[in-house]
Amino acid sequence: MTDSITRFREIPRRMITVKGLRITCFACPSQWEGITDDDQEVYIRYRWGHLSVRVSGTKIFSRQIGNEYDGVLDTTDMLAITGIRKSE
């Protein structure tokens, strides 16, 4: 996945820091939910090779990073690809 991270890295229009990020499904699709540091809902999903990020229902990141059968992505790779940071 490292090559994909380098090739497809895209920083969202605004840098996002999330607190309380949790994975809600581990495979097909991989998906996460959380809250931004300014208390907006975040929903992240990876299915069919497509990774998307929504903040309060608005899509802020959308990228095809895998093939049509991909649906598994670990949190470390997701964070690197999207540029999202986790608060300490």
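The model is predicted, with local features requiring pLDDT of at least 70 and side-chain atom pairs counted only at pLDDT 80 or more, while totals for chains, interfaces and linings use all residues. Residues are numbered from 1 along each chain as its sequence is written, and side-chain values use heavy atoms, with hydrogens and water left out.

**Confidence**

The chain has a mean pLDDT (the predictor's confidence in each residue, from 0 to 100) of 86, and 84% of its residues reach 70 or more. Confidence is lowest in helix α1 (residues 2-8), with a mean of 44, and highest in β3, with 97. Residues 1-12 have pLDDT below 50; beyond near neighbours in sequence, this stretch makes 26 contacts in the model. Contact here means heavy atoms within 4.5 Å. Where pLDDT is low, the predicted coordinates should not be read in detail. Helices (H or I, at least four residues) and strands (E, at least two) are DSSP runs, numbered from the N terminus.

**Sheet**

Six strands make up an open sheet of mixed pairing, in the order β5-β4-β3-β2-β1-β6. Two strands count as paired if DSSP finds at least two bridges between them. Each of β5 and β6 (85-86) has a single partner strand and stands at an edge, so one side of each is left without a neighbour in the sheet.

β1 and β2 run antiparallel and are joined by five bridges. They form a hairpin with four residues between them, and C28 in the turn has a positive phi of about 45°. Across this pairing, K19 stands opposite I35 in β2, and W32 in β2 is the bridge partner of I23. β2 and β3 also run antiparallel, joined by six bridges. Their hairpin has four residues between the strands, and D39 there takes a positive phi near 65°. E33 has Y43 in β3 as its bridge partner.

Five of the seven residues of β2 are buried, where buried means under 20% relative accessible area, exposed over 50%, and partly exposed in between (1.4 Å probe, protein chains only). Q31 lies in this strand and is buried, with a relative accessible area of 16%. Its side chain makes a polar contact with the side chain of Y43 at 2.9 Å. A polar contact is a pair of N or O atoms within 3.5 Å; within protein, one must be able to donate a hydrogen and the other to accept it, and residues adjacent in sequence count only if both atoms are side-chain atoms. Leaving aside neighbours within four places in sequence, Q31 is in contact with residues including R22, I23, Y43 and I44.

**Salt bridges**

Side chains of opposite charge can pair when their charged atoms come close. A search of the whole structure finds two salt bridges, each defined as a side-chain nitrogen of Lys or Arg within 4 Å of a carboxyl oxygen of Asp or Glu.

| Salt bridge | N to O distance |
|---|---|
| D39 and K19 | 2.8 Å |
| E33 and R22 | 3.3 Å |

D39 sits in the loop between β2 (30-36) and β3 (41-47), and K19 in strand β1 (residues 17-25), 20 residues apart. D39 is exposed at 55% relative accessible area, whereas K19 is partly exposed at 33%. In the pair of E33 and R22, E33 lies in strand β2 and R22 in strand β1, so parts 11 residues apart in sequence are tied together. E33 is partly exposed at 31%, and R22 is partly exposed at 49%.

Apart from neighbours within four places in sequence, L21 is in contact with residues including W32, I44, M78 and L79.

In α2, the residues D77, M78, L79, I81 and T82 are buried. The N-terminal end of α2 is capped by D74, a side-chain oxygen of which lies 3.3 Å from the backbone nitrogen of T76. Just after α2, G83 has a positive phi of about 80°.
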